[in-house]
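User: I would like to go through the reasoning behind the sheet assignment, step by step.
Analyst: Gladly; here is the structure to follow along with.

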Amino acid sequence: MTSPASEAIETITLAGGCFWCLEAVFAEVRGVLEVENGYSNGHTPTIDYERICRGDTGYAEVVRLQFDARMIPLEQVLEIYFAVHDPTSLNRQGGDVGTQYRSGIYCENEAQLQRVQHWLDSVRPLYSRPVVTEVALVDRYQPAEPYHQQFFAKNPTQGYCLAVAAPKVEKFRKTFAQWQK
């Protein structure tokens with residue numbers, strides 16, 4: 001028998017440019033229990049960082065989040081996600097270009113997929129450009145190599161972290177202070 005607490009734990013996989021940036025933000029979100037960098041929704045049986053950088057595997061750099069829906073609802077997770085990346089940019093986030101940097105929401109089941117689609121339909125009118133975020137069931141998820149995990153926390157002065165990840169974290173802190181751990 002599952003407990004009500006375990007039923008409140010949800011998992012969702014998000015793509016929105018370099019996974020270091022999304023991981024850095026969601027590591028600070030109250031109610032997010034775990035953030036793991038990885039690769040998802042490609043067409044090869046396996047993937048690694050060197051292969052994904054070529055841009056021909058179909059995989060996206062993603063973060064897989066586990067969150068407590070009693071503390072933070074899925075819709076709030078998605079609102080934060082849309083605020084810290086550009087959902088109208090096709091296969092690109094800033095200087096990161098290629099299908100591996102696409103905007104994508106990968107759901108664990110059909111019920112979650114329907115909830116995400118409903119939320120997405122409600123926010124599309126808020127954007128002046130078309131929202132190009134891919135929405136699908138998660139497929140072929142694989143964790144990224146250990147050196148990619150908690151990258152921002154371990155390397156806050158690394159050039160990319162300072163130039164790209166840190167401003168996204170700062171935007172989260174200013175815009176969503178009530179959701180900060």
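**Strand pairing and packing**

Analyst: E36 has R64 in strand 3 as its bridge partner, and this comes from a predicted model.

User: What makes strand 2 and strand 3 a pair?
Analyst: A pair needs at least two bridges, and strand 2 (residues 32–40) and strand 3 are joined in the antiparallel sense over 8 bridges, so they count as paired.

User: Why is strand 2 also called a partner of strand 8?
Analyst: There are 2 bridges between strand 2 and strand 8, which run antiparallel, and because the requirement is at least two bridges, these strands pair as well. Y39 stands opposite Q142 in strand 8.

User: How do you know that strand 6 pairs with strand 7, and in which sense?
Analyst: Strand 6 (residues 103–107) is joined to strand 7 by 4 bridges, and the two run parallel; with at least two bridges required, they therefore pair. Within strand 7, V135 is the bridge partner of I105.

User: What is the order of the strands in the open sheet, and which are the edge strands?
Analyst: The order is 7-6-1-3-2-8, with 6 strands and mixed pairing. Strand 7 (134–137) and strand 8 (142–143) are the edge strands, since each pairs on one side only.

User: Which strands does helix 4 touch?
Analyst: Helix 4 (residues 74–83) packs on the sheet and touches strand 1 (9–16), strand 3 (60–68) and strand 6, its direction making about 15° with that of strand 1. Touching here rests on heavy atoms within 4.5 Å.

How values were computed. Residues are numbered from 1 along each chain as its sequence is written. This is a predicted model: local features need pLDDT of at least 70, side-chain atom pairs count only at pLDDT 80 or more; totals for chains, interfaces and linings use all residues. Side-chain values use heavy atoms; hydrogens and water are left out. Axes are lines fitted to C-alpha atoms, for helices over the stretch in contact, and angles run from 0 to 180 degrees between N-to-C directions.
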